[in-house]
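Colleague: I'd like to learn how to read a model like this one. Could you walk me through it, feature by feature?

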Amino acid sequence: MEKRVVGIVGVGHVGAHVAYTLGMMGVADEILLCDIKEKKLISETNDLNDAVPFMPNRVLYRSVDLAGLADCDIIVNAVGDIELCKNFNRDDELKNSVLQVAKIIPRIMDAGFNGIFVNITNPCDLITCEIANLSGLPRSQVLGTGTLLDSARLQHALSDVTGLDARSFSAYMIGQHGDHQFIPWSLLNFSGMTVEQFEKARGVKFQRDVIQEKAVKGGWVTVSGKWCTEYGIAGAAATLVRTILHDEKRILPCSVELDGEYGQQDLFVGVPAVIGRNGMEKVVELPLSEEEKEKFAEVVKALRINMEKARNLILESKEEA
């Protein structure tokens, strides 16, 4: 029987919750934790192992260095500094995240890693792209949580408005995990009914701008009270990991590389994709309306500006070294 091994780099608020959620979901057999703060790492590993008797399956948590992650099936990148997000802008994490990733990814690859990277670190789409560039892995083996969490926030908002369970409808956010994302309303459906059909049947009218605002800004509601997000993103990351390890062939909205889809190349962005044992197995190209295509183009423009910023930061850091 194969042993399923998942590594997590960075065990702060998010990384530690991902580790716990993976255990509670019974996703992995062994979870390897890595962090630059040694005391924090030891404490989290010990606490998680104390929780194992309450988990559905036996799982072993171990502390390792970067080289110790070489044989993982999947590595979740969760490095970062949430303090940098206090202006409610994920792009404020850009410099710190880019420089951290530039240090750790080459060391992991030098150790012989050839599995799948799942990135959480913000700005998610940009850092996922950097991991792909630094690792040299095929595009199927590098993906980020992207708009998976934002889609859950959209489902939360729609559930509040309709009183329906989220499994009663299909709804995605696409674009950047940040301010540049949107709801493709033309493709939303409620058990086969379009939005317009549902509104007519229920005698309601969605406040589309309000619902989109809740989906886009939902994370800041969480951050404003406790200065971090934990449960939602941990659930998103663990679901992505489970979908890969169990070869579910499930369509999930996440940050993946486009290679001609939506008329774009060399760009990571949040769109639905088929996820299975090989990671990202196929990008699902949605039949967007003309208005939605224009919105998507705006998203791409913003992402490419940030990509250029990241390249300049890496060049500057190399020159300083």
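This is a predicted model: local features need pLDDT of at least 70, side-chain atom pairs count only at pLDDT 80 or more; totals for chains, interfaces and linings use all residues.

Colleague: Fine, let's begin with the inside. Which residues touch the most other members of the largest nonpolar core?

Modeller: Those are Leu69, Phe117 and Phe296, in a core of 87 residues. Helix H8, residues 231–245, gives the most to this core, with nine residues. There's also a second, separate core of 16 residues, and Ala171, Leu188, Ile211 and Val216 are among them.

Colleague: Take Phe117, then. What is Phe117 in contact with, leaving aside its neighbours within four places in sequence?

Modeller: Its contacts include Ile75, Ile105, Ile108, Met109, Ile131 and Val142. Leu137 and Leu143 are on the list too, and so are Ser135 and Gln141.

Colleague: On to charges. How many salt bridges does the count come to?

Modeller: The general idea first: side chains of opposite charge can pair when their charged atoms come close. In this model the count comes to 15 salt bridges. Take Arg167 and Asp165, where the closest N and O atoms are 2.8 Å apart. Arg167 is exposed at 76% relative accessible area, while Asp165 counts as partly exposed at 38%.

Colleague: And where does helix geometry come in?

Modeller: Look at Lys293 and Glu290, whose side chains meet in a salt bridge at 3.5 Å, N to O. They sit three residues apart in helix H9 (residues 290–320), so about one helical turn separates them. Glu290 counts as exposed, at 56% relative accessibility, and Lys293 as partly exposed, at 44%. Salt bridges can also share partners, and that joins Lys3, Glu30 and Arg62 into one network.

Colleague: Now the cysteines. How many disulfides does the structure hold?

Modeller: A disulfide is a covalent bond between the sulfur atoms of two cysteines. This structure holds zero.

Colleague: What about empty space? How much of it lies in the second largest pocket?

Modeller: Rolling a probe the size of a water molecule over the atoms shows where empty space is left. For the second largest pocket that gives about 400 Å³. It's lined by 19 residues, and the closest to its centre are Leu148, Ala152, Gln155, Arg250 and Leu252.

Colleague: Which elements give two or more residues to that lining?

Modeller: Helix H5 (148–162), H8 and strand S11 (250–259). The largest share is from H5, with five residues.

Colleague: I also had my eye on Gly15. Is Gly15 buried or exposed?

Modeller: Gly15 is buried, with a relative accessible area of 0%. It lies in helix H1, residues 13–24. Not counting residues up to four places away in sequence, Gly15 touches Ile8, Gly10 and Ala78.

Colleague: Last topic, the backbone. What should I look out for?

Modeller: Most residues other than glycine have a negative phi, and most peptide bonds are trans. Here, the peptide bond from Asn122 to Pro123 is cis, with omega near -5°. Pro123 lies in the loop between strand S5 (116–119) and helix H4 (124–135).

Colleague: And which phi does Lys249 have?

Modeller: A positive one, about 55°, although Lys249 is not a glycine. Its place is in the loop between H8 and S11. Lys249 is partly exposed, at 45% relative accessible area, and its side chain meets that of Asp247 in a salt bridge (3.1 Å, N to O). Tyr262 has a positive phi too, about 60°. You'll find Tyr262 in the loop between S11 and strand S12 (265–276), and it is buried, at 12% relative accessible area.

Notes: Residues are numbered from 1 along each chain as its sequence is written. Side-chain values use heavy atoms; hydrogens and water are left out. A nonpolar core is a set of buried Ala, Val, Leu, Ile, Met, Phe, Trp, Tyr and Cys residues joined through side-chain atoms within 4.5 Å. Buried means under 20% relative accessible area, exposed over 50%, partly exposed in between (1.4 Å probe, protein chains only). Helices (H or I, at least four residues) and strands (E, at least two) are DSSP runs, numbered from the N terminus. Contact means heavy atoms within 4.5 Å. A salt bridge is a side-chain nitrogen of Lys or Arg within 4 Å of a carboxyl oxygen of Asp or Glu. A disulfide is a pair of cysteine sulfur atoms within 2.5 Å. On a 1 Å grid over the protein atoms alone, a cavity is a set of points where a 1.4 Å probe fits but cannot get out, and a pocket is an open set with protein on both sides within 12 Å along at least five of seven lines; lining residues have an atom within 4 Å of a point. Grid points are joined across faces, edges and corners, and a volume is the space filled by probe spheres set on the points.
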